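Hi there,

Here is the structure I promised to pass on to you. Please open it next to this email and follow along as you read.

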2 protein chains.
Amino acid sequence: MGIVTADISTTLDGFGSGPNQRLERPFGDLDNAPLHAWMFEHGEENAPEVAGILGAGAFVMGRNMFSAGRGPWDLEWRGWWGEEPPYHAPVFVLTHHERAPLEMSGGTTFHFVTDGLEAALERASAAAGERNVAIAGGASTVNAALRAGLLDELRWHVAPVVSGLAADRAHGGSRLFDGVPAHGLEPVSVRHTPHVTHLTYRRG
Amino acid sequence: MGIVTADISTTLDGFGSGPNQRLERPFGDLDNAPLHAWMFEHGEENAPEVAGILGAGAFVMGRNMFSAGRGPWDLEWRGWWGEEPPYHAPVFVLTHHERAPLEMSGGTTFHFVTDGLEAALERASAAAGERNVAIAGGASTVNAALRAGLLDELRWHVAPVVSGLAADRAHGGSRLFDGVPAHGLEPVSVRHTPHVTHLTYRRG
């Protein structure tokens, strides 16, 4: 059986998204460019980490990763990724709204899970077989997995920018480790490229 | 002329100290052990980073680094470090209270600066000559330097623990990057040992 991993890109101050998330702006007031440039514009320099994300046998993602500001009950919405999403595997989307599975090209099928993170991870684990299950974000879903002790490996991709959102404690953004109780992790590896620092931790 | 560096140890969620700082507990409710074990218990594995801290020609530190929960006007208080502090150089302590310089053994003299961070950095720079000036923390002093654009190099030492303090947005702890406006930094190097990950950034 594989392990449960999570990949999350944040600013130096831990923000994975800003306030005012909406469909055309899934990272809210936080600029998407510095946060994900390492993956979308500099994928070759960061090839091992991109491969690490996409190598899972199944994925779990929070609702806002699929449809920020819009419900999955909007049946016209088929995700951000065009007709052939990069996952090539089953993706279990956490939501409060039932929806039939959505089969895309290239092996990606979005399944909508209404009974919580643990149930989504169980279904993903069954689908992944011997391969890993990857939590694809966002920060609040990763935090929920850390809180519940369900995560084996955290892969934290830190963009070299300060968000400025932490100026306001009532920021409304989504911040890694918020609400996660005190605990230790085991540092496994670090690597940096000009656009990101990759930090990997295992369950402590 | 040297540059202005800052060294700060925090948890994964960026806390350099917890609430309820006081003299016998300078890191407040945040456990000192995992935060600074890399330096005090595993100094050999982290020798380059310890040397990096102590290699400066002069230091600037926030008041709580010198005398959390106690005023420097308490003339019996001579700092945490015994009669021979590890700095072996002038240390400029930010405070609101005048106090005569305090000369210790081994070349450390504490100077108490009441006219702010920029003045302290100027005095430290004059004292350091060709060598670097190091901001020795805490997080709120590092944040002030980042805010004012006074920092050339940030050396962030991340302990592999989550503080749990971010569960409460009114946490009262001191968190790196809080109140720092949006800006980019240049990643210079990363290194990890079992007890800490060392991240170095330059002015972007």
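Below is what I found, going from the whole pair of chains down to single residues.

Please keep in mind that this is a predicted model.

**How the two chains relate**

Start with the two chains side by side. Turning chain B by 180°, with 0.0 Å of shift along the axis, superposes it on chain A with an RMSD of 0.0 Å. The two copies are therefore related as by a two-fold rotation axis. Both copies also use the same surface, as 97% of the contact residues of chain B recur in chain A.

**Where they touch**

How many residues of chain B are in contact with chain A? There are 32 of them, and they meet 31 residues of chain A. On chain B, strands E9 (161-162), E11 (183-193) and E12 (196-203) each supply at least two residues of that side. E11(B) gives the largest share, eight residues. By type, the touching side of chain B has 18 nonpolar, nine polar and five charged residues.

Now look at strand E9 of chain A (residues 161-162). Two bridges join this strand to E11(B), and the two run antiparallel. A:Val161, for instance, has B:Gly184 as its bridge partner in E11(B). In general, strands of a sheet pair through backbone hydrogen bonds, either parallel or antiparallel.

If you keep walking from there, you can trace an open sheet of 10 strands with mixed pairing, in the order E9(A)-E11(B)-E12(B)-E8(B)-E1(B)-E7(B)-E3(B)-E4(B)-E6(B)-E5(B). E9 of chain A and strand E5 (102-103) of chain B stand at the edges with a single partner strand each, so one side of each has no neighbour in the sheet. For a parallel pair, find E3 (residues 58-61) and E7 (residues 133-135) of chain B, which share three bridges. There, B:Val60 is partnered with B:Ile135 in E7(B).

**E12 in chain A**

Strand E12 of chain A (residues 196-203) is mostly covered, with six of its eight residues buried. Strand E8 (residues 153-158) of chain A pairs with E12(A) in the antiparallel sense over six bridges, and A:Glu153 stands opposite A:Arg202. E11(A) is joined to E12(A) by eight antiparallel bridges, and the two strands form a hairpin with two residues between them.

**The core**

Which residues touch the most other members of the largest nonpolar core? Of its 107 residues, they are A:Phe59, A:Val60, B:Phe59 and B:Val60. Beyond its close neighbours in sequence, A:Val60 is in contact with several residues, including A:Phe92, A:Leu121 and A:Ile135.

Enjoy exploring!

Terms used:
Residues are numbered from 1 along each chain as its sequence is written. Chains are lettered from A and ligands numbered from 1 in the order in which they are written. This is a predicted model: local features need pLDDT of at least 70, side-chain atom pairs count only at pLDDT 80 or more; totals for chains, interfaces and linings use all residues. Two residues are in contact if their C-beta atoms, placed from the backbone, lie within 7 Å. Helices (H or I, at least four residues) and strands (E, at least two) are DSSP runs, numbered from the N terminus. Ala, Val, Leu, Ile, Met, Phe, Trp, Tyr, Cys and Pro count as nonpolar, Asp, Glu, Lys and Arg as charged, and the others, Gly among them, as polar. Two strands pair if DSSP finds at least two bridges between them. Copies are superposed by least squares on the C-alpha atoms of residues with pLDDT of at least 70 in both. A nonpolar core is a set of buried Ala, Val, Leu, Ile, Met, Phe, Trp, Tyr and Cys residues joined through C-beta atoms within 7 Å. A residue is buried if 20 or more other C-beta atoms lie within 10 Å of its own, exposed if 12 or fewer, and partly exposed in between; C-beta atoms are placed from the backbone. Lists of a residue's contacts leave out its neighbours within four places in sequence.
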